[in-house]
Amino acid sequence: MTERTSRTVLLRGGSVYSPADPFASAMLVEGEHIAWVGSDGAAEAYADVADEIVELDGALVTPAFVDAHVHATATGLALTGLDLTGCPTLAEALARISAFAAGGADGGVLIGHGWDETGWPEGRPPTLAELDAAVGGAAVYLSRTDVHSGLAGTALRALTPGLETLPGHTAEGPLTRDAHHAVRRAALAHLTDVQRRVAQQATLARAAALGIGSLHECAGPDISSEQDLTALLALAAEGAGPEVYGYWGEAGAVATARRLGAVGAGGDLFVDGALGSHTACLHTPYDDAPHTGTAYLTAEQVADHVAACTEAGLQAGFHAIGDAALSAVIEGVRAAADRVGTDRVKALRHRVEHAEALDDKGVAAFVELGLVASVQPAFDAAWGGPEGMYAQRLGAERAAALNPFAALLRAGVPLAFGSDAPVTPLDPWGTVRAAAFHRTPEHRISVRAAFTAHTRGGWRAIGRDQDGVLVPGAVASYAVWATGELVVQTPDARVAGWSTDPRSGTPGLPDLTPGGPLPVCLRTVVRGRTVHRG
């Protein structure tokens, strides 16, 4: 049962992060909307009419976070089952796989996630024989950390018709491209409705516990299924957790996206793969492989999709990581603009997920075409730096150019932050920290800008410019946090020094200096309904 939303709630005695009043310490909520923001003294006038008074005791109130790129079922399966993220060695991974397999597979296929051979001393993933031995011959699917390649045991391979003929098939090693998509579909097809619901509930509950009030689900035929998306949207509509806005990643599938209740035909509509799996599409070869990755869509196909979506008044979007893939997206969107009109294209704010290998010309093109950059700062935290996976794949120079958040922000490209969970965990404050303390200093942005990208930016990405702020009339989706001193952190110490001066009227946010504790969520409220209490 969900909490009724016609109640009046007064929060007082804390800090309210609001552009309406940089010194606000109280907030009044009536039903689904914020009615007032101001001081504790002025709040006394509302105490008698409030159905509930929340004594904040110094806690911080902020807009609830928006995670602009998730895969709810896969995330829930990792939360409730086999998650190999951070596993230190191949031997340890095989031991965990064996222990998980000993528990059996209710749906007939063991499903796990998160292996990453780049940090293992063995320097390789399991062989097919090692995998079969670990699971006792059971059917098993294990997605790599980037979910663009995967391991499939002999039994699952046998359940996947025509696998040997598909691009990306290997007899022994990880599967990529179409072969990977095929075994993933085969594995997920064995999930029962109960398993899917339990996994999705786990994701929504974890998100709520982290102060996330809204998720953008990036579904599609190569990453999940129609049934998976409709089940998630129905679950979210029950109102017990965060809101969910779905995207369907299938080229030309305007009617399908509409039928499924998606807000856009995009998300994980793949133009390429991922750097870790050597499938991100590049202009020049990888440093550690003699090829340039994989192209799934041409510029012409991108143009056809964007034009069809624009004509239908539906937001389009693409997954593009490598520089060649991003070039194809830009060329294709330009061609679509030539067909249907630049103003019409810009008005729909078509999205690009990840957009990692953008140069200055690419950034300028995003501005020209009105594209939204839906990006994941935790990717840099996980794989950036001179010793990270990016440098292994691309060399230090190309790796240091990835994820140019500061350049995007300076140019005026709308940023929407997400996790791509389960690729990186649901972790909104960690994501803000990753953007503010990017491993390449020139790409860092202020905590305030990063926080905006992870709250209001997610709403702007779906055309809801009025949401994601705590002002009178706005939707009452917010989170309450236990945190330390509030500060203003920017890449430029001179700016930070002025911003912390009371005369600047700049509201503070938690100190996110690496190594320090992150805020703890005490309460999450979505449209006036409390969906989490710490």
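Visitor: Which residues of H18 are buried?

Guide: The model shown here is a predicted one. Helix H18 covers residues 428-436, and nine of the nine residues are buried, so the helix is largely enclosed by the rest of the structure. The buried residues of H18 are Pro428, Trp429, Gly430, Thr431, Val432, Arg433, Ala434, Ala435 and Ala436.

Visitor: In the loop between strand E19 and H18 lies Pro422. What is the peptide bond from Ala421 to Pro422, cis or trans?

Guide: The loop that holds Pro422 runs between strand E19 (415-417) and H18. For the bond from Ala421 to Pro422, omega is near 15°.

Visitor: What percentage of the residues count as buried?

Guide: A residue counts as buried when its relative accessible area is under 20%. The accessible surface of the whole protein comes to about 19900 Å², and 53% of this belongs to carbon and sulfur atoms. Of the 534 residues, the buried ones make up 59%.

Visitor: Which residues touch the most other members of the largest nonpolar core?

Guide: In soluble globular proteins, nonpolar side chains tend to be buried together. The largest nonpolar core here has 79 residues, and helix H11 (residues 323-340) gives the most to this core, with 10 residues. The members that touch the most others are Val271 and Phe366.

Visitor: Which residues does Phe366 touch, leaving aside those up to four places away in sequence?

Guide: A touch requires heavy atoms within 4.5 Å. With residues up to four places away in sequence not counted, Phe366 touches Leu326, Ile330, Val352, Ala355, Leu358, Leu371, Val372, Ala373 and Val413.

Visitor: How many residues are in the other core, which lies apart from the largest one?

Guide: Among the members of this other core are Phe379, Ala391, Ala399 and Leu402. The number of residues in it is 19.

Visitor: Is Ala453 buried or exposed?

Guide: Ala453 is placed in helix H19 (residues 447-453). Beyond residues up to four places away in sequence, Ala453 touches Leu415, Ala416, Phe417 and Gly458. Its relative accessibility is 4%, and therefore Ala453 counts as buried.

Visitor: How far apart in space are Ala453 and Leu156?

Guide: In sequence, Ala453 and Leu156 are 297 residues apart. From C-alpha to C-alpha, their distance in space is 40 Å.

Visitor: Where is Arg349, and is this residue buried or partly exposed?

Guide: Arg349 is placed in the loop between helix H12 (342-347) and strand E17 (351-354). Its phi is near 50°, a positive value in a residue other than glycine. At 26% relative accessibility, Arg349 counts as partly exposed.

Visitor: Is Asn403 buried or exposed?

Guide: Asn403 is placed in the loop between helix H16 (396-400) and helix H17 (405-411). Although Asn403 is not a glycine, its phi is positive, at about 55°. With a relative accessibility of 2%, Asn403 counts as buried.

Note on methods
Residues are numbered from 1 along each chain as its sequence is written. This is a predicted model: local features need pLDDT of at least 70, side-chain atom pairs count only at pLDDT 80 or more; totals for chains, interfaces and linings use all residues. Side-chain values use heavy atoms; hydrogens and water are left out. Buried means under 20% relative accessible area, exposed over 50%, partly exposed in between (1.4 Å probe, protein chains only). Accessible areas come from the Shrake-Rupley method with a 1.4 Å probe; for residues, only the protein chains shown count as cover. A nonpolar core is a set of buried Ala, Val, Leu, Ile, Met, Phe, Trp, Tyr and Cys residues joined through side-chain atoms within 4.5 Å. Helices (H or I, at least four residues) and strands (E, at least two) are DSSP runs, numbered from the N terminus.
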